[in-house]
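These are my notebook entries on a structure that is new to me. I set down what I looked up, topic by topic.

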Amino acid sequence: MISSVLDENIRLVEEAFKDCGDFVKRKLPIGRNKDIWLYVAYMDMLVSRDTLEGQVLDHLMIFLWENPPREENLKEHLFETLKDGVTTADIQVSEDMGEIREAILSGDTVIFVDGCARAMLVSTKGWPSRGVSATDSEVVVQGSKDAFTESFRVNTTLVRRRIKDSKLKVKQFKVGKRTLTSVGLMYLEDVVRKDVLRDAESRIESIDIDAILDSGYIAQLIEDDWKSPFPQSQVTERPDKASAAILEGRIVVVVDNSPFVLIIPATMNTFFQASDDYYQNWEIMSFARLIRFAAGFMAASLPGLYIAIACFHPSMIPMLLIFKMAGARQAVPFPAVAEMLLMDLAFELLREAGIRLPGPIGHAIGIVGGLIIGQAAVEAGLVSPIVVIIVALSGMSSFAIPHVSLVAGFRLTKYLLLACSAVLGLFGFWMGALFTLIHLATLKSFGLPYLFPFVSGDINCYSDMKDTLFRVPLFAMKKRPIFANPSESVRIGPHDARVKE
Amino acid sequence: MKSKLKLLFPIAFLFLASGCWDKVELESRGFVVSLGIDLGGGESPFRYSVSASLPSVNGMRDEASNDSSKTVKKADGPDISSALSLMGMSSSQKLYLGQARLVIFGAELLGDEERFKEAIDACERNHEIGRKIFVLSTKGKASDILEADIGEEPSAGIYIENYYRNASSSGTLKSHQGLSNIISDLRSGGNTLIPEVELKYTQGGDAYLELGGCAAVKGFKLAGFLDSKQTRGFEWVMGDARGAEVSVPFESGNEPLSVSSGRSKIRFQEIGGNLECNVDVKVRGSIAESGFSEESLYDASALSKRSVKYEEAIKQEILDCAKLLQEDFGADAYGFLDMLRKRSYSAYKRVEGEWEENFKKMKIIPNVTVDIISAGAIK
Amino acid sequence: MFSMNNKISVRQLQILLIIDIFGTGVIILPRRAVEFAGQDGWIIVAILACLATGSAYLMSSVGRLFPSESFVRTASKLLSKPAGKALGLIFAAKLILNCALEIRMFGEIIRQTMLPNTPLAVVAGAAISISAYAASKGYEARARIAQIIFPIIFIPLIIVFILALRQIDMTNLLPVFVAKPADIFRGTLRMGSAFSCMELILIAHPFFANPEKARKGASSAILLVGALMLFITIITIAKFGPFDVSRQLWPVLEMMDMVEMPGSFIERQDALMLSFWILSNFAITNSCLFFSSILLKDVIEKGRHLPYICVSALITAAIALMITNAEQVYPIIDFLFLTLGLGFMVVLPILLLVVARIRKKGVIYEKQT
């Protein structure tokens with residue numbers, strides 16, 4: 001609680017911010033007679049100096065000079081008078097020390113007035129941040145290129161620009177005991193499912209951790225099944241994707257200091273959708289979707305299938321191919337499984353290395369690593385060429401999936417399938433695949449089955465199937481997906497001319 | 001606790017998956033492409049002599065390399081599986097029959113009913129050998145064919161497979177090959193025809209394989225061999241004669257008919273207590289060559305003259321083959337009994353008992369119509 | 001909220017039924033049909049399909065009496081508590097035995113065609129443990145898995161068989177209708193085991209979200225399976241001819257190997273086709289383990305579902321491994337079907353329905369009074 005004695009307040013505040021070199025404070029007298037004391041405090045570089053000095057303090061001084069407070073009403077109305085003098089709409093009043101501390105740490109300027117047990121919190125936020133730039137991780141051929149930044153407000157703004165609907169709500173929470181990170185849930189009030197919303201809110205409110213440094217923390221703390229390698233919330237850097245999700249009835253979780261927002265709930269199907277699927281022609285995009293699903297399958301199963309067929313059932317392969325493979329393998333000293341694992345781990349190593357290296361070197365590593373190491377390995381007789389091809393194909397397939405977080409699941413499944421195939425051949429492969437399938441079929445994301453609409457598709461009359469393996473033309477996608485409130489499920493109305501054709 | 005118990009099942013699976021019993025590395029498999037089964041004869045006390053041709057992996061991989069060698073393994077044994085396992089003992093690789101393309105039976109083996117049955121059974125029961133494998137017969141020994149050094153293609157199996165896929169000549173029972181068909185025939189009557197392959201030598205001493213003709217098996221025993229023409233006579237009846245070239249002497253040289261389709265319809269009739277079989281063959285073809293004659297081949301009368309000649313020729317081929325099968329061999333390779341069974345059960349019941357006699361007595365009457373579709377680009 | 005709390009929709013029920021029944025039995029179906037009636041064997045299958053549909057109708061009618069009560073409870077209410085529990089126990093034992101026999105047969109097929117040197121314990125154990133894992137996830141999870149597996153099993157199967165249509169000789173089915181009616185009758189009786197997992201309809205009704213539509217859904221599903229089996233039988237007999245089919249151990253597998261798929265570069269297709277049977281067998285084992293454990297839990301009425309699954313799984317594994325010769329399986333399956341199978345599929349439903357009508361119990365009848 002703050003007191004009405006200014007010096008007491010000063011003492012409290014300075015004690016809290018002792019040893020903080022970036023804490024700026026100033027005690028200044030105002031008024032014609034210079035007898036009213038103000039205490040201004042803020043954190044250096046968290047505030048916008050222009051706003052603070054040019055707008056707030058400047059106008060305050062001038063205002064008080066021109067309208068000196070009357071003697072009688074000095075103590076009671078001083079605060080109100082001062083408030084009028086501050087020319088910004090974003091002012092709050094607080095009597096709680098904790099709130100004041102938080103406000104200072106968030107970039108507000110606190111103004112104490114001698115004689116008042118209240119403080120003014122003036123919003124003067126202006127910290128340094130990266131401007132809105134282009135995405136580098138989710139590149140599309142056609143579509144907007146702006147990306148979310150680390151600033152919470154900028155992110156919500158980017159979404160608001162796309163959805164000009166007052167029903168777009170931003171519910172804010174502060175999560176993390178020490179970081180007090182702003183976490184915001186953005187949704188369309190009438191389209192979102194209320195129970196999903198309540199579930200999300202309760203999960204966020206129940207987070208009890210000291211620090212939230214990135215949206216990834218939130219994703220892991222609110223997910224349904226922590227044991228699963230498959231992601232249960234989507235992560236995106238693109239505002240158009242986030243806006244599309246909100247319009248479907250999903251919830252976007254914006255986390256301060258993170259340029260990646262979460263989209264919940266997420267089913268496996270959503271991970272195969274990219275933004276520009278909807279900006280281009282439906283035929284070519286259906287083809288692209290099919291390729292992506294095929295890529296997903298190949299990324300997980302190719303190495304396992306190769307081992308199963310080559311080591312257990314070589315009768316399935318055409319004869320010439322078999323002889324080529326056998327001939328290539330004659331020089332290799334390792335068993336096929338070891339060969340496969342070796343190349344695969346080398347590939348994963350390259351992948352990791354490529355991420356950490358800066359720009360141009362990172363690109364070069366792909367070529368250097370792939371070509372030279374692969375080629376050299378084949379010529380040295382460490383691996384056979386077909387294994388290199390299989391591993392490369394499998395790796396490439398994993399790059400074709402639009403969402404990187406899903407790839408993690410496939411990469412790990414790949415090893416499971418490889419192990420099962422190595423022991424029991426095609427039968428083992430199927431056992432491993434069944435195990436994965438069982439896991440996926442029971443996985444849920446905020447109550448929604450993960451494999452929707454491939455399972456339980458009849459909940460929404462199979463209309464979700466229009467946007468999975470292929471994409472039907474836009475005018476045919478009349479209903480919103482399962483995420484939306486059933487009462488708001490119609491997206492295109494009967495007035496659309498093309499529907500009549 | 002519940003979720004931990006659920007993990008019990010995958011863990012149980014992990015315990016079970018503690019070894020690979022069936023994993024065989026690719027390079028340690030010896031891929032057998034052709035198999036030959038002969039009667040074990042001479043000094044060998046054993047009943048079977050099995051030979052297997054394994055093409056060299058390096059030769060197959062690198063077409064540029066001239067290493068077109070193959071390994072032919074031979075082993076004698078009291079039965080086929082022992083012979084195979086004996087063969088396996090002489091190799092550092094594990095013999096694998098999953099890619100086997102060809103099985104050749106020697107004529108001696110075909111002549112022995114019991115051993116032929118065993119051989120067929122061994123091929124069928126072996127789960128590595130697929131049912132689509134080609135089965136051929138030969139007048140000599142199967143191992144000779146496998147061992148011969150054929151210029152075009154080291155391995156007989158691959159040669160035969162390519163042959164059947166690419167070549168389009170008739171007389172080789174193209175539609176009748178395959179272990180599955182042979183077993184079907186044998187199961188429903190004990191009679192079948194097995195295509196024949198022979199090893200021949202050119203003037204220069206190079207070896208080559210010639211396909212044509214077939215071996216007639218009656219009651220699981222070899223009855224005799226048919227030559228190319230006679231086999232074609234069989235194919236006319238079965239409606240399989242696509243690709244045949246019927247060469248007929250005409251006024252100014254030979255004029256061959258290139259058959260594009262030959263459909264046949266078989267009707268049975270009982271006339272005066274005797275069974276008659278009418279074979280209606282409808283042939284369509286085009287004239288491939290004419291002797292530079294002045295006559296226009298697009299004239300209706302010219303065409304009909306030639307049609308008649310072709311019909312005669314085809315009829316004769318059918319009758320020749322029928323005579324051979326009926327009188328000399330007494331083997332119903334056509335499957336007439338089975339057809340009768342399907343069409344007229346009562347008649348079948350009557351003739352079933354003494355079918356061999358009835359088959360010999362049966363009159364086969366071919367009615368051939370030839371439609372000449374085109375005569376080339378020249379008038 | 002989408003989970004529907006362990007209840008499944010009609011479509012899921014149909015898919016589950018189709019996958020459960022279309023199992024390892026189909027592989028040997030043509031051979032058994034031909035053994036009884038020669039090339040007229042398909043008639044047996046057709047008759048069976050109709051009878052099975054009728055039986056499905058009967059069984060789901062029993063379920064409608066007390067839609068939300070388990071089988072044991074229903075039987076207890078209609079007959080008496082000890083009778084209900086005894087029935088439950090017998091049913092559970094039958095399911096476990098059935099499951100064990102299926103696994104044994106399946107293990108034999110896998111060992112012969114794919115993994116000759118692997119011990120049976122490993123193959124059977126792997127199959128059972130994965131099925132038990134799926135069973136432990138609940139009925140709705142099973143339905144979801146079935147929805148995914150269903151197209152993987154059936155689409156290639158249908159494609160292969162439709163491609164086969166051009167390559168078969170339909171005259172192999174001639175002459176028609178020469179088989180003796182006595183043979184056909186005997187065949188129908190003995191071959192009913194092909195539909196042997198159908199009595200699960202009796203236990204499954206508490207899990208339906210729409211009990212009223214369940215009866216129609218179940219009957220039509222069984223009819224579809226019957227039609228599919230008929231189709232496969234006809235094609236297999238037409239491809240090989242009756243004599244050949246009667247000698248092959250697994251005719252349908254050989255059939256799938258023989259079909260020429262245009263443009264396919266895969267040489268031996270039967271290993272690929274076996275994949276579909278692996279999935280199908282998984283579905284059946286899954287069902288049997290799940291339902292037997294449910295029955296045991298209802299009878300003993302103590303504890304949660306999971307321990308019963310472990311028990312069922314262990315017993316199944318033990319029985320499957322005890323049978324040394326795969327050929328012993330078929331007579332046991334037949335015997336099981338003739339006694340308990342028919343009992344549960346035909347006799348018991350009729351009995352229960354009659355009792356319900358007499359004692360005026362059951363939701364429908366109670367509404368009438």
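How many bridges join S3(A) to strand S5 of chain A? I found 4 bridges between S3(A) and S5(A) (residues 119–123), and the two run antiparallel. Strands here are DSSP runs of E with at least two residues, helices are runs of H or I with at least four, and both are numbered from the N terminus. Two strands pair if DSSP finds at least two bridges between them.

I noted that this is a predicted model, in which local features need pLDDT of at least 70, side-chain atom pairs count only at pLDDT 80 or more, and totals for chains, interfaces and linings use all residues. Residues are numbered from 1 along each chain as its sequence is written, chains are lettered from A and ligands numbered from 1 in the order in which they are written, and side-chain values use heavy atoms, with hydrogens and water left out.

**Sheet of chain A**

I then looked up the whole sheet: it is open, has 5 strands in the order S1-S2-S4-S5-S3 (chain A), and its pairing is antiparallel. Its edge strands are S1 (23–30) and S3 (91–94) of chain A, each pairing on one side only.

**Helices H7 and H12 of chain C**

I recorded that H7 (residues 139–164) and H12 (residues 251–258) of chain C pack at about 70 degrees, with their axes 10 Å apart. The axes are lines fitted to C-alpha atoms, for helices over the stretch in contact, and angles run from 0 to 180 degrees between N-to-C directions. H7(C) is therefore roughly perpendicular to H12(C), a term for angles of 65 to 115 degrees. In H7(C), C:Leu157, C:Val160, C:Phe161 and C:Ala164 meet C:Val252, C:Met255 and C:Met256 of H12(C); contact means heavy atoms within 4.5 Å.

**A buried serine in chain B**

Is B:Ser180 buried or exposed? B:Ser180 counts as buried because its relative accessibility is 5%, where buried means under 20% relative accessible area and exposed over 50% (1.4 Å probe, protein chains only). I located B:Ser180 in helix H9 (residues 179–189) of chain B. Leaving aside residues up to four places away in sequence, B:Ser180 touches B:Arg131, C:Phe240, C:Asp244 and C:Met258.

**A phenylalanine in chain C**

Lastly I looked up C:Phe71, which touches C:Leu87, C:Gly88, C:Phe91, C:Leu202, C:Ile203, C:Leu295, C:Phe344 and C:Leu348, not counting residues up to four places away in sequence.

Terms used: Angles under 35 degrees count as roughly parallel, over 145 as roughly antiparallel, 65 to 115 as roughly perpendicular and the rest as oblique.
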